[in-house]
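Please study the structure below with its sequence at hand.

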Amino acid sequence: MSIEIANESGVNVDEASIVSAARFALDKMEVSPLAELSILLVTLEVMEDLHERWMDLPGPTDVMAFPMDELDSSRRPDAPDASPALLGDIVLCPAFAKDQAKTAGHSLMDELHLLTTHGVLHLLGYDHAEPAEEREMFGLQKRILGEFQAAVAAHNKRDAQRSADDRLLGTAGLDAVPAEEPPA
């Protein structure tokens, strides 16, 4: 799966973590590993322009998703014969997301992971215009984010344990790789 990210927002964020969240969501939705996705982080001004131009709504927003024309937007990932495609673009606005994160009581990265997942679901044809659609999309979003957070926590725990083990072995002098004995 090819995911490109460009940060033109002026906000320093962990881009690799955003790509990981997108990849995790795409994997959970069983999107072809040949699919391509672009993520762009922009300023408030750029997001405001996009929001007004494409949604005819005033002011900036947190996330916008632009599916590519070649992807049948009515095709859901659970439809048969899904083929690889250029999924489209997700545009995030970290400056806008900062305030939302503060209001929600979590970190900016947690908010950007949520918005990335939200954008992925929009690219895959999910929407939240109607109550039933909103329940389905937000339920999926919550499940995917929960599984992503659990996977990240498990990975961090393994890394911490590995680091502690390496320190202990080093202290005991067991970290050196034994030299090969010459043939007899």
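**Helix packing and selected residues**

In helix H4, the residues Asp 110, His 113, Leu 114, Thr 117, His 118, Leu 121 and His 122 meet Met 137, Phe 138, Leu 140, Gln 141, Ile 144, Leu 145, Phe 148 and Gln 149 of helix H5. Contact here means heavy atoms within 4.5 Å. The residues of this contact of H4 with H5 comprise eight nonpolar, six polar and one charged. In this classification, Ala, Val, Leu, Ile, Met, Phe, Trp, Tyr, Cys and Pro count as nonpolar, Asp, Glu, Lys and Arg as charged, and the others, Gly among them, as polar. The model is a predicted one, in which local features need pLDDT of at least 70 and side-chain atom pairs count only at pLDDT 80 or more, while totals for chains, interfaces and linings use all residues. Residues are numbered from 1 along each chain as its sequence is written, and side-chain values use heavy atoms, with hydrogens and water left out.

Two packed helices are described by the angle between their axes and the distance between the axes. Helices (H or I, at least four residues) and strands (E, at least two) are DSSP runs, numbered from the N terminus. Axes are lines fitted to C-alpha atoms, for helices over the stretch in contact, and angles run from 0 to 180 degrees between N-to-C directions. H4 (residues 108-123) and H5 (residues 131-171) pack at an angle of about 130 degrees, and their axes are 10 Å apart. H4 is therefore oblique to H5; angles under 35 degrees count as roughly parallel, over 145 as roughly antiparallel, 65 to 115 as roughly perpendicular and the rest as oblique. The crossing of H4 and H5 is right-handed; a crossing is right-handed if the near helix is turned clockwise from the far one by less than a right angle, and left-handed if anticlockwise.

Helix H5 also packs with H1. The axes of H1 and H5 come within 10 Å and cross at roughly 125 degrees, which means that H1 is oblique to H5. H1 passes H5 in a right-handed crossing. From H1, the contact involves Ser 17, Ser 20, Ala 21, Phe 24, Ala 25 and Lys 28, and from H5 Ile 144, Glu 147, Phe 148 and Ala 151. By class, the contact of H1 with H5 has six nonpolar, two polar and two charged residues.

Ala 22 belongs to helix H1 (residues 15-28). Is Ala 22 buried or exposed? With a relative accessible area of 0%, Ala 22 is buried; buried means under 20% relative accessible area, exposed over 50%, and partly exposed in between (1.4 Å probe, protein chains only). Leaving aside neighbours within four places in sequence, Ala 22 is in contact with Ile 3, Leu 37, Ile 39, Thr 116 and Val 120. Ala 22 and Gly 119 are 97 residues apart in sequence, yet 8.8 Å apart in space, C-alpha to C-alpha.

Ala 101, in helix H3 (residues 94-104), is buried as well, with a relative accessible area of 3%. Ala 101 and Glu 111 are ten residues apart in sequence and 5.5 Å apart in space, C-alpha to C-alpha.

Two loop residues complete the tour. Glu 30, in the loop between H1 and strand E2 (36-41), counts as exposed because its relative accessible area is 68%. Glu 30 has a positive phi of about 55 degrees although it is not a glycine. Thr 61 lies in the loop between helix H2 (44-55) and strand E3 (63-67), and counts as buried at 15% relative accessibility.
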